[in-house]
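Thanks for coming. Please have a look at the model on the screen before I go through it.

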Amino acid sequence: MKIDTFPILPKTKKPIVIIGAGGIVKDAHLPAYKRAGFEVKALYDLEVEKAERLAGDYGIGTVCQSLDALIELAKTNDCVYDVALPASAIIPVIDQIPDGSGVLIQKPMGNDLGQAAIILDLCRKKQLVAGVNFQLRHAPYIKAAKKIIDDGVIGELHDIDVRMNVYTPWHLWDFLYELPRVEIQYHSIHYIDMIRYFFGNPESVLAKTTKHPNAKALSSARSSIIMDYGDLIRANINTNHGHNFGPKHQESYFKFEGTEGAIKVRVGVYLDYPKGLPDKFEFISLNVSDDWQQIDLEGTWFPDAFIGPMSGLMCKMEDPAFEFINSVEDAIHTMEVVEKCYRSGEHEI
Ligand SMILES: NC(=O)c1ccc[n+]([C@@H]2O[C@H](COP(=O)([O-])OP(=O)(O)OC[C@H]3O[C@@H](n4cnc5c(N)ncnc54)[C@H](O)[C@@H]3O)[C@@H](O)[C@H]2O)c1
């Protein structure tokens, strides 16, 4: 069995300008855009030298010295904006982007639901075609799972389980140490958004996020989240980023169960981090066979999934009827669930 998971590309690819030249742009945005054949016209970062180094590595012709200069260049060349900044920097930057532009914003959509609402309001007022880069929905294994489920191969989906028992070297991301919200806001948010992609918005949420003794300076490094979809559907996320006992008993998987089959995805990127292990995509369909089958998929979450949100943004600009699954209008609901998770954890029963 072969499943094509490459995203739909726009008829005409628009050039891109990127605001922020940090780790995620280097490791994921630029490699993905290269694979998709998207042209990056210019970069801007408060740290100009950083942007210059990255532009050199990727043959990007222009590094702008100011946001105004980048906006002028974007206007002249009919570019879309890729905003890859710390959450706290998003609002003032979006405010300056010209009305009617296309904008992709890195997740999270602000530091909390209050900021997400301001971002949504700004996007509406400025009539931006805007999305949030919740790219896990476009990871090849999620696209393959969606196709198998939509085709009815595993019957009716009623269970999603996300399990991460891994070791994450948080010290690689300095900025996290100052934040009041870490694990759900920066990591489990991907799984919440992915589960919403399959089941829609939950009726309610039960959650608890906790520190880890090895990372007490972080506000949290482990979470247990139950997304409540009523009596017949179960959707659980369970993460522990402090399993520093070698790869032997690390776990990193998504499991989907239907009435007639199941899918298990090994998410390789987080195993033996940063080396990673290969992904593995397996499914069973009792209508077809009692055996599990493995499918080899092309590409993985980082960087391949980063093509989809940008491509979707360009397709949406080309055709307003295009179903843009990463729109700000949808992303706000993921931020609502995140907010509910934190509120749930504060309640004492
Ligand atoms: N899977 C994912 O989707 C994923 C993964 C990692 C990071 N991220 C998100 O991407 C964002 C950036 O993360 P990162 O790891 O690249 O961080 P980073 O610290 O490596 O880079 C951020 C860059 O933004 C620049 N910057 C800050 N404020 C600016 C401003 N007002 N104007 C211009 N430049 C400014 C900084 O100088 C820095 O170079 C974060 O919000 C993070 O949550 C997403």
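I will cover one helix, then a helix pair, then a sheet and the helices on it.

This is a predicted model, in which local features need pLDDT of at least 70 and side-chain atom pairs count only at pLDDT 80 or more, while totals for chains, interfaces and linings use all residues. Residues are numbered from 1 along each chain as its sequence is written. Helices (H or I, at least four residues) and strands (E, at least two) are DSSP runs, numbered from the N terminus.

Start with helix α3, residues 67–77. Its buried residues are L70, I71 and A74; buried here means that 20 or more other C-beta atoms lie within 10 Å of the residue's own, exposed means 12 or fewer, partly exposed is in between, and C-beta atoms are placed from the backbone. Those three cover an arc of only 100° around the axis, so they sit on the same side of α3. The arc is taken over the directions from the helix axis to the C-beta atoms. On the face turned away from that side are the exposed residues D68, E72, K75 and T76. What do the buried residues of α3 pack against? They pack against β1 (16–19), β2 (40–44), β4 (80–83) and α4 (90–96), where contact means C-beta atoms, placed from the backbone, within 7 Å. Just after α3, D78 has a positive phi of about 55°.

Next, the helix pair. α5 (113–125) and α9 (328–346) pack at about 170°, with axes 9 Å apart. Axes are lines fitted to C-alpha atoms, for helices over the stretch in contact, and angles run from 0 to 180 degrees between N-to-C directions. The angle makes α5 roughly antiparallel to α9, a label used over 145 degrees. In α5, L113, A116, I119, L120 and C123 meet V328, I332, M335, E336 and E339 of α9.

Now the sheet. The open sheet has eight strands in the order β8-β9-β10-β7-β11-β12-β13-β14, with mixed pairing; strands pair if DSSP finds at least two bridges between them. β8 (204–210) and β14 (293–295) are at the edges with a single partner strand each, so one side of each has no neighbour in the sheet. Strands β9 (222–228) and β10 (234–240) run antiparallel and are joined by seven bridges. R222 has N240 in β10 as its bridge partner.

Helix α6 (140–150) packs on this sheet, touching β7, β11, β12, β13 and β14, and its direction makes about 175° with that of β12. Helix α7 (183–199) lies across β7, β8, β9 and β10, at about 160° to β10.

Note on methods: Two residues are in contact if their C-beta atoms, placed from the backbone, lie within 7 Å. Angles under 35 degrees count as roughly parallel, over 145 as roughly antiparallel, 65 to 115 as roughly perpendicular and the rest as oblique.
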